[in-house]
Amino acid sequence: MKIFEYMGKYDYEQLVLCHDEQSGLKAIICIHDTTLGPALGGTRMWTYDTEEAAIEDALRLARGMTYKNAAAGLNLGGGKTVVIGDPKKDKSEALFRALGRYIQSLNGRYITAEDVGTTVEDMDTIREETKFVTGVSPAFGSSGNPSPVTAYGVYKGMKAASKVAFGDDSLKGKVVAVQGVGHVAYNLCKHLHEEGAKLIVTDINQANVDRAVQEFGAEAVNPDKIYDVACDIFAPCALGAIINDETIERLTCKVVAGAANNQLKEEKHGEMLEQKGIIYAPDYVINAGGVINVADELYGYNRDRAMRRVETIYDNILKVFEIAKRDGIPSYQAADRMAEERIAAMRNTRSTFLRSEHSILSHR
């Protein structure tokens, strides 16, 4: 990869390589865009095959956070940290405190949070060195477990997608096939059950399935059969890239709306869903409840305020489909356009202000 060429193509602002010999820290902090505000994005710890792969992941994830935060209506830009190492073996207080010092050196341009391979406890350690961290322990003013909030946002987004597909947003009597019944999806199933939806569930963890069957009266199917069940809504809540050439042919639903990240294996699969007449609620719009929740910590966490903000996911999903109709494009492209239009509007406002300021100064 030609890093500067790639950064120029997608308008990246900053890439920081962080190294601390004593603690063994090898990390990359990437800031994609701060037009809307400081960059917010989690710290991922992973055993990358190469250093180049870690850099590519940081770049990709940071840009994704710009779109996610913009589409969620947050006054935040996008960034990400990746730490090269095995989260089961290589963690230490010294490592995360060293990372905290690097984050502090950016003076608020980047704010971190929990992500794959890191925990609340890791964020508490980072907090020893910097205030620019969210997702810490409740004792430090955190919002706690984000799963129920993320699930509530997916639920509201699913209702909006149903309104587009069926003419009203009621989920009573709708058959919802839920792929994966982990922390987020369990809470999603609770909302759906309370509204009177019929649930069909699957998970590689049998205990998760058994709990959904017992508590919500769900029907259980084998993981490889979930794409074939007759349903109104398919809710991917586990792995990414599950909407692909093979699975699209098997879907019988009218709506795809779930919590999983990166649901489309390729962009063309968003177009294939559209051609098949399936309403797709873009993943990073519908599952933004978690980032909305931790972002509220920056103002002194207030759960009621955070939940009211999460409810706007309903309106955001409707707006995506309004843009899709307006511009004649699939919903996954409309989500990007919604985020890009918000960033462009702020960038233009800033440019106008700076030109006015320059004009005033030049005439003094």
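At roughly what angle do the axes of helix H3 and helix H4 cross? The model under view is predicted, with local features requiring pLDDT of at least 70 and side-chain atom pairs counting only at pLDDT 80 or more, whereas totals for chains, interfaces and linings use all residues. Residues are numbered from 1 along each chain as its sequence is written, and side-chain values use heavy atoms, leaving out hydrogens and water.

**First stop: H3 and H4**

Select residues 93-105 (H3) and 120-127 (H4); their axes come within 7 Å and cross at roughly 55°. Axes here are lines fitted to C-alpha atoms, for helices over the stretch in contact, and angles run from 0 to 180 degrees between N-to-C directions. Helices (H or I, at least four residues) and strands (E, at least two) are DSSP runs numbered from the N terminus. H3 and H4 are therefore oblique to each other, the class left once angles under 35 degrees (roughly parallel), over 145 (roughly antiparallel) and 65 to 115 (roughly perpendicular) are set aside.

Next, display the side of H3 formed by Glu-93, Phe-96, Arg-97, Leu-99, Gly-100 and Ile-103, which makes the contact (heavy atoms within 4.5 Å) with Asp-122, Thr-125 and Ile-126 of H4. These residues divide into four nonpolar, two polar and three charged; Ala, Val, Leu, Ile, Met, Phe, Trp, Tyr, Cys and Pro count as nonpolar, Asp, Glu, Lys and Arg as charged, and the others, Gly among them, as polar.

Centre on Met-158. Not counting residues up to four places away in sequence, Met-158 touches Leu-171, Val-176, Leu-188, Leu-192, Ile-233, Ala-235, Ala-257 and Ile-286.

In the loop between H3 and strand S6 (110-111), select Asn-107. Although not a glycine, Asn-107 has a positive phi of about 55°, and is exposed at 62% relative accessible area.

Move to Ala-241, between strand S10 (233-236) and helix H8 (245-248). Ala-241, also not a glycine, has a positive phi of about 60° and is partly exposed at 33%.

Finish at Glu-249, in the loop between H8 and strand S11 (255-256). Glu-249 is exposed, at 61% relative accessibility, and its C-alpha lies 9.5 Å from that of Met-272, 23 residues apart in sequence.

Conventions
Buried means under 20% relative accessible area, exposed over 50%, partly exposed in between (1.4 Å probe, protein chains only).
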